[in-house]
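Reader: I'd like to learn how to read a helix and a core off a model. Can you walk me through it?

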Amino acid sequence: MSGAAGSDHDVVIVGAGQAGAQAAIALRQLRYQGSVALIGDEHELPYERPPLSKAYLAGEQRFERLLIRPATFWQEKAIDLRPGCRIVAVDPAARRVTAADGTRIGYRRLVWATGGAPRRLDCPGAGLARVHALRSRADADRLAQELPAARRAVVIGGGYIGLEAASVLVGAGKQVTVVEAQQQVLARMSGTMLARFLEAEHRSRGVNLRLGTTVDRIEGRDGAARGVRLTSGEFLAAGLVIVGVGIVPAVAPLLAAGARGGDGVEVDAVCRTSLPDVYAIGDCATHANAFADGARIRLESVQNANDMAGTVARSIVGVAHPYYAVPWFWSNQYDLRLQTVGLAAGHDLAILRGAIDARSFSVIYLRQGRVVALDCVNATKDYVQGRKLVESGAEVRSDLIADTSVPLTQALLSEGVLPIRAA
C-alpha cells in the first residue's frame, strides 16, 4: 500500500540477520518491556550465514538447522518479525522509516543491522546467468541447483568465502580454479605462513590457484557464463562462476539521512550513530577497535554481530557498557578447522607453534612483544589459551610460545593491559 502507515514501535531493528536477531533476543533477555519490530528484506526467518558456504552448500545441513530461533520464539517473545520488507529511507526528525512499498513505521529508537550486499565485479559479463554470489540462502540454493550440470567452476576471490566454496566444489567432484588478485590467499586477514599452507592444501586436492591474477571479463553464450577471460588473455572455461570479493555495507538510507560514514556508518563506543537515538551494529558499522590500536574498522564476523547486539541492547535498557570484545573468526575447509583470534595487521613477528606437516599448528603474531593474534589450524587448545593472551595484551617469551610442550598461558613475561579499552 503506497504511503500506508505501519504500526509504531519503541525499538525498530532494520536487518534480520545475525546482528539484528541477536539485538532483539538480547532486549528480551534483559527484560525490556517495550515493543520491538525486527524487519528483514529476505523472506526467511532469521538464520546463520556462515554455514551457507560450508555445510549447507555441501548438502550436509538442512536449512532448519541454520535458524537462529524457531518461528514460535518470535511470537512468544512478542517480537514483531517482518520478513520480506526492505527499508529504503530514514527520517530522523519524524523518527520513522519507510519501506519500499511506502509503508512507514515509527520508532523511539532505531537499530540499523543491515550488513551488506555482495560486492559485484565491475567488468563485462558480471550480470550473466551462472555467475553467483554467496551471501543468502537464495544464493546458496541457486548455486546448488546448478552444481550437478557444471563440470568446471571458477571462483573469483581467495578469501574465506572463496576458499570454503572451492573446498565444497572439490568435494562435489568439480574442477575448480580460484582467481585471486593478490599474491596470496586470505591477503587481508592472515600472514604468509598460513596462506602458503592453505594454498598447498587446495592444490593437493586439484584446485588450480591463480594468484596475482585479475579478471578482464566473464564470457557467455545464450545469456549464461561459459568462462572467465583473464587480463593476460587466458580463458578459463567454466559452467559456473562464484564471486567472493567482499561486501558493500548497506547503509545508503542512513547516510542519506545525515549519518556520518562512508564504507559503513560510524558508531561510538555504545554503537550510536551521529543521528539521535539511531544505532548501527554488525558488518555495516565502523567502530574504533581496541585490538586494532584504536583504528576505525568494520568487522565482518558472527562475534562482532553478537557482541555489538549485546552492547546496543544494554544501552537501550539503560545499563550501557562500551563495546570491548576480542575479534575471532573461523573457517572449515576440507578436514581443516581454522580458528583465528585477534587482528594480525601490523604485527612485527610471526612465530610457528607446532608442525605444518602434521596439519596441526598455530601461527602466533606479536607486536612489540605482545600477542595480537593467532591463526590455529586443528589446534583448538592453542586457540582457547591464545585468546586469553590476546585479550589481556600480555607480553610473552617468544621462545616459549614456539614450544608445544609449554602451555601458551605459561609463556607470560608480564601481565599486560591494552592501551585502549574502548573508544
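Author: We'll take a helix, then the cores, then one glycine. This is a predicted model, where local features need pLDDT of at least 70, side-chain atom pairs count only at pLDDT 80 or more, and totals for chains, interfaces and linings use all residues. Residues are numbered from 1 along each chain as its sequence is written, and side-chain values use heavy atoms, with hydrogens and water left out.

Reader: How many residues does helix α4 have, and what does it reach from first C-alpha to last?

Author: Helices are DSSP runs (H or I, at least four residues; strands are E, at least two), numbered from the N terminus. Helix α4 (residues 160–171) has 12 residues and reaches 17 Å, close to the 16 Å expected; that expectation is 1.5 Å times one less than the number of residues. Just after α4, G173 has a positive phi of about 85 degrees.

Reader: Is α4 mostly covered or mostly uncovered?

Author: Buried means under 20% relative accessible area, exposed over 50%, partly exposed in between (1.4 Å probe, protein chains only). In α4, 10 of its 12 residues are buried, including Y160, L163 and V170. The buried ones pack against β9, β10, α5, β15, β22 and β23, where contact means heavy atoms within 4.5 Å.

Reader: What about cores?

Author: Nonpolar side chains tend to be buried together in soluble globular proteins. A nonpolar core is a set of buried Ala, Val, Leu, Ile, Met, Phe, Trp, Tyr and Cys residues joined through side-chain atoms within 4.5 Å. The largest has 120 residues; apart from it lies another of 14, among them V154 and L236.

Reader: And where is G239 found?

Author: G239 sits in the loop between β14 and β15, and touches R130, A150, R152 and A225, leaving aside residues up to four places away in sequence.
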